[in-house]
Amino acid sequence: MHVVVNAAMSADGKLSTRRREQVAISGSEDFERVDELRASVDAVMVGVGTVLADNPSLTLDDSDHVAAREERGESPHPARVVADSHARTPPDARLLDGAADTYVLVAEAEPVEHRESLEAAGATVVVAGENRVDLPSALDALESRGVDRLMVEGGGELIFSLFAEDLVDELSVFVAPQIIGGRDAPTLADGDGFVDDFPELDLAGVERVDDGVLLTYDC
Ligand SMILES: NC(=O)C1=CN([C@@H]2O[C@H](COP(=O)(O)OP(=O)(O)OC[C@H]3O[C@@H](n4cnc5c(N)ncnc54)[C@H](O)[C@@H]3O)[C@@H](O)[C@H]2O)C=CC1
Ligand SMILES: Nc1nc(O)c(N)c(N[C@@H]2O[C@H](COP(=O)(O)O)[C@@H](O)[C@H]2O)n1
């Protein structure tokens, strides 16, 4: 499976504010690029922290992108994936609106009733890991369901785990000309952080987009 992480951050590396409210860091050109990137993958993934903070739909906004997928014989929108060890995704979350397939990755320790209520809401539940989603096996399970290209939008906890498990192939990050600040505001890679063996990236592109910079890396 090919995994692309895409995010937007302030010049000081923040994905949102200390209140964890969704903020528009990207400008219109970058949002259009993100929609195009979503259109090119089989599934778009976020952590449940992002679902609880933003209630995203993760579908395509641009009807031309929907049409292009349909011409290629693909579903109108990529599937949606949530890493959600403890099945906290609300059954009325926007990504369970039926507009696209939705996979919720949960841990084995989660009570069966929680899984059943997610399934009743339309999710396909994938169990991987004992107490926390085991990302390598979860991604294998998604691959066996036809997900060959996966885009991950965040947040910082999930992105850190993917780097820690050496699962990221590409990183693209839009850097906006703004400072958000806040020691508790989410950053591009949170988790426990690395103290050595830092993942090294190969810079593949630098491009001015909107009033900011799009950095792309091979990982
Ligand atoms: N600017 C941007 O591009 C984006 C910003 N965001 C922002 O990020 C914030 C949410 O980020 P976070 O709080 O870091 O939450 P997150 O979205 O990374 O979700 C973390 C949660 O995922 C679950 N999870 C399951 N398995 C996991 C694993 N193996 N590793 C890590 N997590 C796992 C855990 O319950 C964990 O608490 C929000 O404020 C949102 O607005 C989110 C996506 C993109
Ligand atoms: N690329 C990007 N730029 C920003 O400025 C953002 N705030 C985000 N956030 C991500 O997009 C999701 C919202 O998706 P929908 O519009 O609801 O489909 C949000 O949950 C973050 O993952 N991304």
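Helix 1 is the element that gives the most to the shell around ligand 2, with 3 residues; helices here (H or I, at least four residues) and strands (E, at least two) are DSSP runs, numbered from the N terminus. Two or more shell residues come from each of strand 1 (2–10), helix 1 (28–39) and helix 2 (48–54). This is a predicted model, in which local features need pLDDT of at least 70 and side-chain atom pairs count only at pLDDT 80 or more, while totals for chains, interfaces and linings use all residues. Residues are numbered from 1 along each chain as its sequence is written, chains are lettered from A and ligands numbered from 1 in the order in which they are written, and side-chain values use heavy atoms, with hydrogens and water left out.

The shell of ligand 2 holds 17 residues, and the closest are Val 23, Ile 25, Ser 26, Ser 57 and Leu 58; a residue belongs to such a shell if one of its heavy atoms lies within 4 Å of the molecule. By class, these shell residues comprise 8 nonpolar, 5 polar and 4 charged. Here Ala, Val, Leu, Ile, Met, Phe, Trp, Tyr, Cys and Pro count as nonpolar, Asp, Glu, Lys and Arg as charged, and the others, Gly among them, as polar. A polar backbone atom of Val 23 is 2.8 Å from a nitrogen atom of ligand 2. Oxygen atoms of the ligand also take part: one is 2.9 Å from an N or O atom in the side chain of Arg 38, and a backbone N or O atom of Leu 58 lies 2.9 Å from an oxygen atom of ligand 2. On its own, ligand 2 has 530 Å² of accessible area, of which the protein covers 86% (Shrake-Rupley method, 1.4 Å probe).

An oxygen atom of ligand 1 is 2.9 Å from a polar backbone atom of Glu 157, and a polar side-chain atom of Arg 88 lies 3.3 Å from an oxygen atom of the ligand. The protein covers 89% of the 870 Å² of accessible area that ligand 1 has on its own.

Next comes strand 3. The 5 residues of strand 3 (residues 79–83) are buried, so this strand is largely enclosed by the rest of the structure; buried means under 20% relative accessible area, exposed over 50%, and partly exposed in between (1.4 Å probe, protein chains only). Ala 79, Val 81 and Ala 83 point one way from strand 3, and Arg 80 and Val 82 the other way. In a regular strand the side chains alternate between the two faces of the sheet. Strand 3 runs parallel to strand 2 (residues 43–47), joined by 5 bridges, and parallel to strand 4 (residues 102–106), joined by 4 bridges; pairing requires that DSSP finds at least two bridges between two strands.

His 65, found in helix 3 (residues 63–71), counts as buried at 11% relative accessibility. The side chains of His 65 and Asp 35 are joined by a polar contact of 2.8 Å, that is, a pair of N or O atoms within 3.5 Å; within protein, one must be able to donate a hydrogen and the other to accept it, and residues adjacent in sequence count only if both atoms are side-chain atoms.
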